[in-house]
Amino acid sequence: MKKAIGVDLGGTYIKYGLVDETGKILKSGMLPTKAEEKNRDVVIEQISLAIKNVWENDIEGIGIGTPGVVDNYGAVFESPNLPDWHNFNVKEVFEKKFNKLVVVENDANSIAWGEYLFGAGKGTRAIVCLTLGTGLGGGVVINGKLLRGAIYSAAELGHMPVDYKGRKCGCGSTGCIEAYVGRDYIVHSAIRKIKMGKESVLTEMAGNLSEITPKMISEAYQKGDKVAEEVWVEMATALGAFLAGMVNMLNPDRIILAGGIAQAGEILFSTVRKTIKERAMRVLSETVEVVPAGLGNDSGIVSGAALVFQK
Ligand SMILES: [Zn+2]
């Protein structure tokens with residue numbers, strides 16, 4: 001059976017594994033990225049170590065999901081979490097080092113491809129996959145191919161403006177959907193409501209308001225907390241409105257919500273589904289399903305390997 005190494009490069013950790021062509025992880029591990037040392041060679045050394053830890057001579061190749069905009073030559077641009085990772089050809093470096101095929105892809109695109117090949121997108125024609133976390137990552141698969149673009153960098157979905165006079169976004173623009181559904185926004189939204197005098201179990205749960213996390217807001221919602229409910233409904237309504245636009249544009253069979261914040265649960269999914277139904281073209285909204293990711297915690301590893309298995 002064919003095998004490949006998948007590498008999920010994060011700002012804090014590198015997750016890696018040996019994966020077979022059915023998407024099963026055979027061996028895996030985790031190493032610190034050491035991005036804080038601000039030295040690209042150190043990060044390259046860590047990735048090399050990760051690859052060697054699960055190396056087998058007969059692998060098909062190595063797939064790397066990295067933050068940032070990645071072009072068709074495997075070069076990375078604008079990667080905010082890895083400051084030294086600009087205008088840098090990751091593919092070339094590792095192909096030279098390991099003498100195997102190396103595929104480099106933006107991490108959210110990589111997850112979309114992994115979900116399409118092995119996860120919740122199996123058997124579809126078109127998916128939109130969102131990774132909900134600190135930011136909002138996106139990837140689109142249409143007719144069995146990742147949606148590309150002039151320099152292969154399409155589907156920066158988190159930075160689609162939903163309000164042209166809206167909130168400031170981390171990317172420098174205003175009104176991007178990320179500024180309404182990203183981690184910090186969710187937390188600030190809860191804090192704002194509590195500071196306005198609304199009662200919430202979050203005050204006691206967090207001790208200090210600045211300690212509130214999205215996970216805590218989910219737990220508070222489970223306990224029937226009204227503030228937590230409002231936070232999720234507002235966030236999911238914004239997300240649903242944005243996705244109604246995606247539905248109208250791309251007519252996906254499935255929308256897949258991945259990432260830590262997608263674990264907010266049923267309130268998130270039901271509100272997103274309801275909003276899409278209300279806002280997208282009727283016939284398109286009737287055919288789309290909104291589903292949780294299928295790959296779980298190691299999705300970055302499986303997706304990295306999936307990049308090698310694409311043909
Ligand atoms: Zn933005």
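The largest nonpolar core of this predicted model has 52 residues. By a nonpolar core I mean a set of buried Ala, Val, Leu, Ile, Met, Phe, Trp, Tyr and Cys residues joined through side-chain atoms within 4.5 Å. Buried, in turn, stands for a relative accessible area under 20%, exposed for over 50%, and partly exposed for values in between, with a 1.4 Å probe and protein chains only. The residues with the most contacts inside this core are Leu132, Leu239, Leu243, Leu257 and Leu268. Helix α8, residues 226-250, gives the most to this core, with 13 residues. Helices (H or I, at least four residues) and strands (E, at least two) are DSSP runs, numbered from the N terminus. Apart from this core lies another one, of 27 residues, among them Tyr16, Val76, Phe88 and Val104. In soluble globular proteins, nonpolar side chains tend to be buried together.

Let me state the conventions. Residues are numbered from 1 along each chain as its sequence is written, and side-chain values use heavy atoms, with hydrogens and water left out. As this is a predicted model, local features need pLDDT of at least 70 and side-chain atom pairs count only at pLDDT 80 or more, while totals for chains, interfaces and linings use all residues.

What does Leu132 touch, not counting residues up to four places away in sequence? Its partners are Val181, Met235, Leu239, Leu257, Ala258, Gly259, Gly260, Ile261, Ala262 and Leu268. A contact here means heavy atoms within 4.5 Å.

I turn now to the chain as a whole. The protein chain has 11 helices and 13 strands. Its radius of gyration is 20 Å, close to the 19 Å that the globule rule gives for 311 residues, so the chain is as compact as a globular protein of that length. The radius is taken over C-alpha atoms, and the rule is 2.2 Å times the number of residues to the power 0.38. Along the principal axes, the C-alpha atoms fill a box of roughly 60 × 45 × 35 Å. Of the 311 residues, 52% count as buried. Among contacts between residues at least 6 apart in sequence, 60% join residues at least 24 apart.

Next, please find helix α11, residues 299-309. Why is α11 described as largely enclosed by the rest of the structure? The reason is that 11 of its 11 residues are buried. They include Ile301, Val302, Leu307 and Phe309. The buried residues of α11 pack against several elements, including β1 (3-9), β2 (13-20), β3 and α3 (107-118).

Strand β3, residues 25-32, holds Leu31, which counts as buried because its relative accessibility is 15%. Leaving aside neighbours within four places in sequence, Leu31 is in contact with residues including Tyr13, Ile14, Tyr16, Leu49 and Ala50. The C-alpha atoms of Leu31 and Tyr16 are separated by 8.4 Å, and the two residues are 15 apart along the chain. Helix α3 holds Asn109, a buried residue at 2% relative accessibility. Beyond four places in sequence, Asn109 touches Gly138, Gly139, Val140, Leu146, Ala154 and Ala155.

The ideal angle for four tetrahedral donors is 109.5 degrees. Cys169 counts as buried at 8% relative accessibility, and Cys176 counts as buried at 0%.

Finally, the loops. Asn87, between β6 (75-77) and β7 (88-89), has a phi near 45°, a positive value in a residue other than glycine. Is Asn87 buried or exposed? At 60% relative accessibility, Asn87 counts as exposed. Asn251, between α8 and β12 (254-258), has a positive phi near 50° and counts as partly exposed at 39%. Ser200 lies in the loop between α5 (183-195) and α6 (202-206) and is buried, with a relative accessible area of 13%. Ser200 and Asp225 are 25 residues apart in sequence and 6.2 Å apart in space, C-alpha to C-alpha.
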